[in-house]
Amino acid sequence: YRAHKLIKSKPYNMLITAALIINFFMLIVTHIRQAAWLSVAQDVGYAIITFIFVLELVVELVARGFMGYFRSSMRFVDAMVTLLSIADTVLNLRSGFGTGGDCSILAIMRSVRILRLLRLLEHIPGARHYTRAVVVSFQGVVNICVLITLVTFVAANLGHALFANEALSIKTSHWKQYANFGTTTDSFRLLFVLATGDRWENEMAYLRDATSDGKKWAVTCYFATFQIVVNLLMMNLFVMIIVDAYEVMDDVIRQKCDMDFTPVFKK
């Protein structure tokens, strides 16, 4: 009973929220060739934060029970991150604070801690309901990703068949030598980048300059069609699926979500 009362108390939740925020700032200040004192300070801070979350894990297990705790997928992820943080702290203690930057295993363990920031969503009014809508729509999002991949692969084969010779005549440098219409694989790489809408008109202009006058219309039609189908239609399907998942949520939940979230933006 005392453990259950503790996890519901305001000071306890404020301590966990403060630890999450400090963990967030410690992650964003990490950079290449950082000062030795910063690495030591981060390792010490990570050890303290790990100790706090270990205590939280123990208290939550006592209050909710083993099965009750792991009933939530978010708590399961948090427990895994805490266990990895313990291993990270032990390795840091063995090698010394500030010396673990060259260890790839420590770097991987530390990068997993970013998943802990998802818990900050619990402290944003109404955000949990929007997160639920995203989770519900996950299967639809996966289907759209598969559909985009298939459409891009078909377009890559078509682009290679139409513009392979012209692509070889264009002088390329850096990554472009592996992203052109020379092969189907290179075509797929190029279209994957162009699917974001980034500089697709420049690629169209380069290819138009390399083709004969009678084939320039094919280049224009090809790029315009690809952008309309993938960038405009397919990408907007992501939004449609998430909005649809939100619409099918229970009306009471949606109303509570709007009542919680709207005042935040009004302020």
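Because the model is predicted, local features are reported where pLDDT is at least 70, side-chain atom pairs count only at pLDDT 80 or more, and totals for chains, interfaces and linings use all residues. Residues are numbered from 1 along each chain as its sequence is written, and side-chain values use heavy atoms, with hydrogens and water left out.

The protein chain contains 12 helices and zero strands, where helices (H or I, at least four residues) and strands (E, at least two) are DSSP runs numbered from the N terminus. The order of elements from the N terminus is α-α-α-α-α-α-α-α-α-α-α-α. Of the 267 residues in the protein chain, 34% are buried; buried means under 20% relative accessible area, exposed means over 50%, and partly exposed lies in between (1.4 Å probe, protein chains only). The accessible surface of the chain is about 16,700 Å², and carbon and sulfur atoms account for 69% of this surface. Such areas come from the Shrake-Rupley method with a 1.4 Å probe, and for residues only the protein chains shown count as cover. Among contacts (heavy atoms within 4.5 Å) between residues at least 6 apart in sequence, 66% join residues at least 24 apart.

In soluble globular proteins, nonpolar side chains tend to be buried together. A nonpolar core is here a set of buried Ala, Val, Leu, Ile, Met, Phe, Trp, Tyr and Cys residues joined through side-chain atoms within 4.5 Å. The largest such core has 21 residues, and Phe181, Leu191, Tyr222, Phe223 and Phe226 have the most contacts inside it. At least two residues of this core come from each of H8, H9, helix H10 (200-210) and H11. Helix H11 gives the most, with eight residues. A second, separate core has 13 residues, among them Ala19, Leu20, Tyr46 and Ile52.

Leu191 is one of the residues with the most contacts inside the largest core. When neighbours within four places in sequence are left aside, Leu191 is in contact with Thr152, Ala155, Ala156, Phe181, Tyr222 and Phe226. Leu207 is located in helix H10 and counts as buried, at 3% relative accessibility. The C-alpha atoms of Leu207 and Phe181 are 9.8 Å apart, while the two residues are 26 residues apart in sequence.

A pair of aromatic rings is described by the distance of the centres and the angle of the planes. Rings of Phe, Tyr and Trp (its six-membered ring) pair if their centres lie within 6.5 Å; planes under 30 degrees apart count as stacked, over 60 as edge-to-face and the rest as tilted. The whole structure holds nine aromatic pairs. In one of them, the ring centres of Phe163 and Phe181 are 5.7 Å apart and the planes stand at 65 degrees, so this pair is edge-to-face. The pair links distant parts of the chain, with Phe163 in helix H8 (residues 138-169) and Phe181 in the loop between H8 and helix H9 (184-194), 18 residues apart. Both residues are buried. Phe163 also pairs with Tyr222: the centres are 5.4 Å apart and the planes are at 75 degrees, so this pair is edge-to-face. Here Phe163 in helix H8 is linked to Tyr222 in helix H11 (residues 216-247), 59 residues apart. Phe163 has a relative accessible area of 0%, and Tyr222 is buried at 8%. Elsewhere, Phe66, Tyr69, Phe70 and Phe76 form one aromatic cluster.

Side chains of opposite charge can pair when their charged atoms come close. A salt bridge is a side-chain nitrogen of Lys or Arg within 4 Å of a carboxyl oxygen of Asp or Glu, and the whole structure contains two salt bridges. One joins Arg64 and Glu60, whose closest N and O atoms are 2.6 Å apart. These residues are separated by about one helical turn because they are four residues apart in helix H3 (residues 36-64). Arg64 is partly exposed at 31%, whereas Glu60 is buried at 8%. Another joins Arg189 and Asp186, with the closest N and O atoms 2.5 Å apart. Arg189 and Asp186 are three residues apart in helix H9, so about one helical turn separates them. Arg189 is partly exposed at 41%, and Asp186 is buried at 14%.

On the surface, Ile21, Phe24, Phe25, Ile28 and Val29 form a nonpolar patch with about 430 Å² of accessible area together. Patches are made of residues with over 30% relative accessible area and no salt bridge; like charges are joined within 9 Å, and nonpolar side chains (Val, Leu, Ile, Met, Phe, Trp, Tyr) within 5 Å. Phe24 lies in helix H2 (residues 10-28) and counts as partly exposed, at 33% relative accessibility.
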